[in-house]
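Me: I'm new to this one and would like to talk through its aromatic rings. Can we take it step by step?

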Amino acid sequence: MKIPVILFLSGALLCSAAAVDFYRPDQLKKESGAIVAVTENGKPAIRISGTTAANPGVSAQYRTSSILFAEPVDLTGKQLRFKVSSKTPEAVMALYVRAYNEGETKPAWSAFNYTSPFAGGDFECVVRPDCKGVLSWEQKAVSGSPANKINRLQLWLGSRTENAPIEAVFSDFVIEPAGAAAPAIPALTEAAALKALVNPAALSCHGGKFEAVDLDGKKALKFSAVTKDQQKTFYTTARIKFPAPLKMEGRQLKFKVSTTTPAPIVALAARFYNLGDTAKPVWSFMLWGKVFAESSVIDAALSEGTGVGIPWEEERVSGAPADRVDMIEIWLGSTTPNVPIEVTFSDFEFADGPKVLSKWTALAPYADAPAKDKQPDGSVKEPDILRARENLKRYDWAKESYAAQKQRADQWMALDQAGIENMVPVEDAFFKCLCPNCGTQPEFAWAGNAVLQPDGKSIQCTKCKMIFPNDKYPENKT
């Protein structure tokens, strides 16, 4: 037998065998957001609301409220099902549901959707602790305690839009066995997906504007923003929410990306998420640096393990098959303050994906000896070397340059094999990052002869002069 239940923004209601009136005003606790009992479509419901503040540079703001229970509720082996709607879908970026045991400050349950949960409209939600609910399970946030004495259910609404009202209405709550079927959702055809890609109702954006436009007689997507004056890279995100999941295994999505503002754009990413799993994408692609340096148009073809135009990001993906993709997230980044940036996506099409080679199979046998060719073999030829030697004899500037280069080379030559391997990141040896302290671009932060320190184990930013790693920024990630 299903037991009606109700939810609230910051504290939640979870009921076991005893019937509990979760709409009672004395059980609703206001936190950073308002919470009231309302009637929606002739049925009791809970409404959570709030207004975001003007906070430039803050990535997200949250409004929360709670329901407190007179008696603890046992959710062991259970799941919570409810319906949720919003009149401010574009402003709501995140929805969190957390359940707390009596006397504990860390939740026993925590589930979330951080990628515009209402982009596809109102929905039925299932929260359960086995990663099979509609909301993604947040393992890092939970206490590890069994959810056997829950006395507070907390609900969060998050937004990256400044000075905006946000609200959501929750209704039709039931607590049921965890094996109960999730809401049935039919699969999406590729033809329907192509229409959804340029459907204004499927689009949402935080920190910019994302809209369907006409381009040469065809529908396209324009993504634009004005950057802010901040220390680190400015990012704006846009999302396309499919009305149903799409099977992308063995397929690829092709499109064109063009811009009229090439210079300030330093990051372009596309990430594909499965239904109910917004913790990690199943596909992830990222182009960093001078994105449009070679051309103002990128011909992209994205498939599992391969990104033409926008490189594949192996370290970011979940490893799950892309068999129920319902959302594509796009990131646009810039380090130039107070300038307009924009890109346009057009000519979308689905096609068969390329054959995926084994990640561990060499395309050709490894060489057992150095190649037998004449040295020097590179851009610096014998005449260049002879000219450099003559310059060393005649000019002070050449001697100074030589001394600086030799000092840097000596530092590297002094390292043993273990020391050299220690300087190579585990995940990707070719990706360079911003200075984590001041945000300076990698081509400037780590340029010059004085970056590598004499100990051979640390580097120094050329702008802020901070030496890494340190207590504030330990070497625990790449």
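Me: Which ring does the charged end of R271 sit over?
Reply: This is a predicted model, and in it the charged end of R271 sits over the ring of W331, at 5.2 Å from the centre of that ring.

Me: And what lies over the face of Y100?
Reply: That is R152, which is placed 4.0 Å from the ring centre of Y100.

Me: Switching to ring pairs, how many aromatic pairs are there in the whole structure?
Reply: A search of the whole structure gives 19 aromatic pairs. One of them is formed by Y96 and F112, which are stacked, with 5.4 Å from centre to centre and 20 degrees between the planes.

Me: Where do Y96 and F112 lie?
Reply: Y96 belongs to strand β7 (residues 94–101) and F112 to strand β8 (residues 109–113), so their pairing ties together parts that are 16 residues apart in sequence.

Me: Is Y96 buried or exposed, and what about F112?
Reply: Y96 is buried, since its relative accessible area is 9%, and F112 also counts as buried, with a relative accessibility of 8%.

Me: Why is the pair of F118 and F123 called tilted?
Reply: The ring centres of F118 and F123 are 5.6 Å apart and their planes stand at 50 degrees, which falls between the stacked limit of under 30 degrees and the edge-to-face limit of over 60, so the pair is tilted. Both F118 and F123 are buried.

Me: Back to Y96, which aromatic cluster includes that residue?
Reply: Y96 belongs to one aromatic cluster together with Y62, F112 and W156.

Conventions. Residues are numbered from 1 along each chain as its sequence is written. This is a predicted model: local features need pLDDT of at least 70, side-chain atom pairs count only at pLDDT 80 or more; totals for chains, interfaces and linings use all residues. Side-chain values use heavy atoms; hydrogens and water are left out. Rings of Phe, Tyr and Trp (its six-membered ring) pair if their centres lie within 6.5 Å; planes under 30 degrees apart count as stacked, over 60 as edge-to-face and the rest as tilted. Helices (H or I, at least four residues) and strands (E, at least two) are DSSP runs, numbered from the N terminus. Buried means under 20% relative accessible area, exposed over 50%, partly exposed in between (1.4 Å probe, protein chains only). A charge sits over a ring if NZ of Lys or CZ of Arg is within 6 Å of the ring centre and within 35 degrees of the ring normal.
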